[in-house]
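Trainee: I'd like to learn how to read charged pairs and strand pairing in a model. Can you walk me through one?

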Amino acid sequence: MSPKNTTKSALNEVVTREYTIHMHKHVFGKTFKKRAPTAIKAVRKFAENAMGTKDVRLDPSFNKAVWAQGVKGVPHRIRVRLSRRRNDAEDAKEKLYTFVTPVTVTNFKGLQTQTIE
């Protein structure tokens, strides 16, 4: 018999991390008019998997960063800050949500996932 698992759930923690998302692999081969919407959906899915919350909210500045070069000119990579936050609404289905904001960087070389305090 295995011992009982007494580890704390990571979902209850409020945490902020920075990730680099390779957008090009999600939009490569897509119809031009569907590239930016597909990129937004890919980021939502990434945030959902990385933070473990179904509720993912995008900052308007993030939306502007993806759409800056138009519907077909999605950046190849984008650096994002994912914040898992508490949901203060009383009628909320989930206790936590993820907030996505862009991070401006000059170069993507050598960047790793970072936990922000």
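Mentor: Happy to. Keep in mind that this is a predicted model. Let's begin with the charged pairs: the structure holds four salt bridges.

Trainee: What is the general idea behind such a pair?

Mentor: Side chains of opposite charge can pair when their charged atoms come close. Here is a case: Arg 79 forms a salt bridge with Glu 18, with 3.5 Å between the closest N and O atoms. Arg 79 sits in strand β3 (residues 77–86) and Glu 18 in strand β1 (residues 16–22), so the pair links distant parts of the chain, 61 residues apart.

Trainee: Are Arg 79 and Glu 18 buried or exposed?

Mentor: Both Arg 79 and Glu 18 are buried. For Glu 18 the relative accessibility is 8%, and the cut-off for buried is under 20%, so Glu 18 falls on the buried side.

Trainee: Which salt bridge does Arg 81 make?

Mentor: Arg 81 meets the side chain of Glu 18 at 2.4 Å, N to O. Arg 81 is in strand β3 and Glu 18 in strand β1, so this pair ties together parts that are 63 residues apart in sequence. Arg 81 counts as partly exposed because its relative accessibility is 29%.

Trainee: What about Lys 54, which residue does it pair with?

Mentor: Lys 54 forms a salt bridge with Glu 48, the closest N and O atoms being 3.2 Å apart. Lys 54 counts as exposed because its relative accessibility is 60%, while Glu 48 is partly exposed at 28%.

Trainee: Okay, on to strands. How should I think about their side chains?

Mentor: In a regular strand the side chains alternate between the two faces of the sheet. For the case in this model, take strand β4 (residues 96–103): seven of its eight residues are buried, so β4 is largely enclosed by the rest of the structure.

Trainee: Which strands pair with β4, and in what sense?

Mentor: Strand β2 (residues 56–58) runs parallel to β4, and three bridges join them. Within that pairing, Val 56 stands opposite Thr 98 in β4. Strand β3 pairs with β4 in the antiparallel sense, over eight bridges.

Trainee: Which residue of β4 stands opposite Arg 85?

Mentor: That is Tyr 97.

How values were computed. Residues are numbered from 1 along each chain as its sequence is written. This is a predicted model: local features need pLDDT of at least 70, side-chain atom pairs count only at pLDDT 80 or more; totals for chains, interfaces and linings use all residues. Side-chain values use heavy atoms; hydrogens and water are left out. Helices (H or I, at least four residues) and strands (E, at least two) are DSSP runs, numbered from the N terminus. Buried means under 20% relative accessible area, exposed over 50%, partly exposed in between (1.4 Å probe, protein chains only). Two strands pair if DSSP finds at least two bridges between them.
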